[in-house]
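Me: Can you walk me through this one? I'd like the overall picture, then the sheet, then the ligands.

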Amino acid sequence: MSLLDIKNLTLEIDSASGWIKALDKASFTLADGEIRALVGESGSGKSLIVRAIVGALPDNWRITADRMTWKGQDLLSLDQQERREILRNDIAVIFQNPKQSLDPSCPLGEQLEEVIADNNVEGRFFWQKRQSRQRIAANLLHKVGIKDHRLCMQSYPHQLADDICQKFMIAMALASEPKLLIADDPTRGMEVTTKVQILKLLTRLNQIRQLSILFVSHDLLAISSMAHTMTVLYCGQTVETGPMEQLKRRPFHPYTKALMDSAPSFRKDLPPKSPLLAMDGTIPTLQHLPIGCRLGPRCPRAQRECVKMPEVRRVHSHYYSCHFPLHRSNKA
Ligand SMILES: Nc1ncnc2c1ncn2[C@@H]1O[C@H](COP(=O)(O)OP(=O)(O)O)[C@@H](O)[C@H]1O
Ligand code: SF4
Ligand SMILES: [Mg+2]
């Protein structure tokens with residue numbers, strides 16, 4: 001059974017021009033111990049998926065899905081308390097801009113000690129418990145590669161560099177011993193050596209602790225070397241999903257190919273709405289979505305049929321939605 005199973009997730013946002021499908025039938029699964037990359041240009045809906053999973057959505061947005069389960073449990077039918085329970089025990093999330101997720105007025109040591117689960121703390125008296133929490137916190141910091149744990153624990157968020165803060169966030173995330181870590185573009189804006197360190201750290205955690213990771217990323221080259229599977233999102237729709245090696249070697253969807261061909265330029269942290277090197281135009285706004293396949297106006301293979309939304313097609317564990325896929329001998 002998959003840990004996370006999302007089928008046809010649709011998210012509608014109320015706008016001045018009516019309800020808009022910001023996510024339209026997004027689907028993917030995540031197995032125990034799997035690293036799945038979730039990629040797509042800025043504005044494609046990656047963070048909305050993360051927010052839908054953790055339930056951080058405004059009340060007036062409409063969310064539906066054929067299936068959205070965590071270990072077989074229907075996430076959409078849980079109340080806030082039950083959802084919070086899963087988040088506390090099983091799922092941890094880290095974001096870009098780690099400093100924004102930390103309390104600026106509290107030393108980091110206190111913030112970390114606070115999230116360590118009581119049942120992991122040893123000792124009878126408060127001072128014994130305090131020492132035990134400090135030991136666990138120091139251990140967690142060493143695990144994520146922060147050598148000077150004392151300095152880190154005494155510091156406030158603004159006193160540390162971004163990369164140390166991101167490592168600290170990963171330590172906070174690990175404190176609850178989660179099954180799944182969702183990392184929403186955690187290396188955006190970092191320099192290459194720091195990015196590599198964070199990616200290596202996450203890969204190690206996956207290998208040693210069987211931690212499953214949903215890695216949302218704009219940096220396709222980096223993520224493609226660590227992820228086992230990949231889901232490509234365009235304008236709120238999953239256009240292709242499958243084993244990483246297959247998508248790299250033989251992508252069926254023109255958008256996946258364009259993303260791959262443009263990958264080196266992604267490393268430069270381009271601002272939102274920058275054109276892809278390998279494809280004309282930019283991603284449309286939600287207010288101006290094309291009819292049928294949302295890639296239509298930019299797609300070099302588009303034909304008249306593309307005004308109809310393509311069905312999801314499947315070759316083994318490789319799924320794609322395109323009327324005229326690449327590397328397939330005839331129209332699918
Ligand atoms: N709070 C919001 N209100 C209205 N539209 C939003 C909101 N958050 C995101 N969107 C829209 O949803 C789309 C997807 O956003 P997002 O998930 O943040 O993209 P990504 O993470 O892939 O860059 C964008 O077009 C964005 O404008
Ligand atoms: S369905 Fe048509 S427009 Fe969409 S990706 Fe395929 S060929 Fe291009
Ligand atoms: Mg985002």
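Predicted model: local features only at pLDDT ≥ 70, side-chain atom pairs only at ≥ 80, totals over all residues.

Me: Fine. How many helices and strands in the chain?

Reply: The chain has 11 helices and 13 strands. Its radius of gyration is 21 Å, close to the 20 Å from the globule rule for 332 residues, so the chain is as compact as a globular protein of that length.

Me: What box do the C-alpha atoms fill?

Reply: Roughly 75 × 40 × 40 Å, along the principal axes.

Me: And what share of the residues is buried?

Reply: Of the 332 residues, 39% count as buried. As for contacts between residues at least 6 apart in sequence, 63% of them join residues at least 24 apart.

Me: On to the sheet. What's the strand order?

Reply: The order is β7-β8-β9-β3-β10-β11-β13-β12, an open sheet of 8 strands with mixed pairing. The edges are β7 and β12, each of which pairs on one side only. On average, neighbouring strands are turned by 15 degrees against each other, direction ignored.

Me: How does β7 join β8, parallel or antiparallel?

Reply: Parallel, through 5 bridges, with β8 covering residues 180–184. A92 stands opposite L181 of β8.

Me: Ligands now. Which residues are around ligand 1?

Reply: The shell is I13, A22, G40, S42, G43, S44, G45, K46, S47, L48 and L286.

Me: Which helix gives the most to that shell?

Reply: Helix α1, residues 46–54, with 3 residues.

Me: How does the shell around ligand 1 divide by residue type?

Reply: Into 4 nonpolar, 6 polar and 1 charged.

Me: What about ligand 2, how does its shell divide?

Reply: There the division is 9 nonpolar, 2 polar and 1 charged.

Me: Which residues are those?

Reply: Around ligand 2 sit P254, C293, L295, G296, C299, R301, A302, C306, P310, C322, H323 and F324. The cysteines C293, C299, C306 and C322 are among them.

Me: Good, that covers my list.

Conventions:
Residues numbered from 1 in each chain as written. Chains lettered and ligands numbered in written order. Near = placed C-beta within 6 Å. Nonpolar A, V, L, I, M, F, W, Y, C, P; charged D, E, K, R; others polar. Pairing = 2+ DSSP bridges. Helix = DSSP H or I, 4+ residues; strand = E, 2+ residues; numbered from the N terminus. Axes fitted to C-alpha atoms, helices over the stretch in contact; angles between N-to-C directions. Rg over C-alpha atoms; globule rule 2.2 N^0.38 Å. Buried ≥ 20, exposed ≤ 12 C-beta atoms within 10 Å, placed from the backbone. Contact = placed C-beta atoms within 7 Å.
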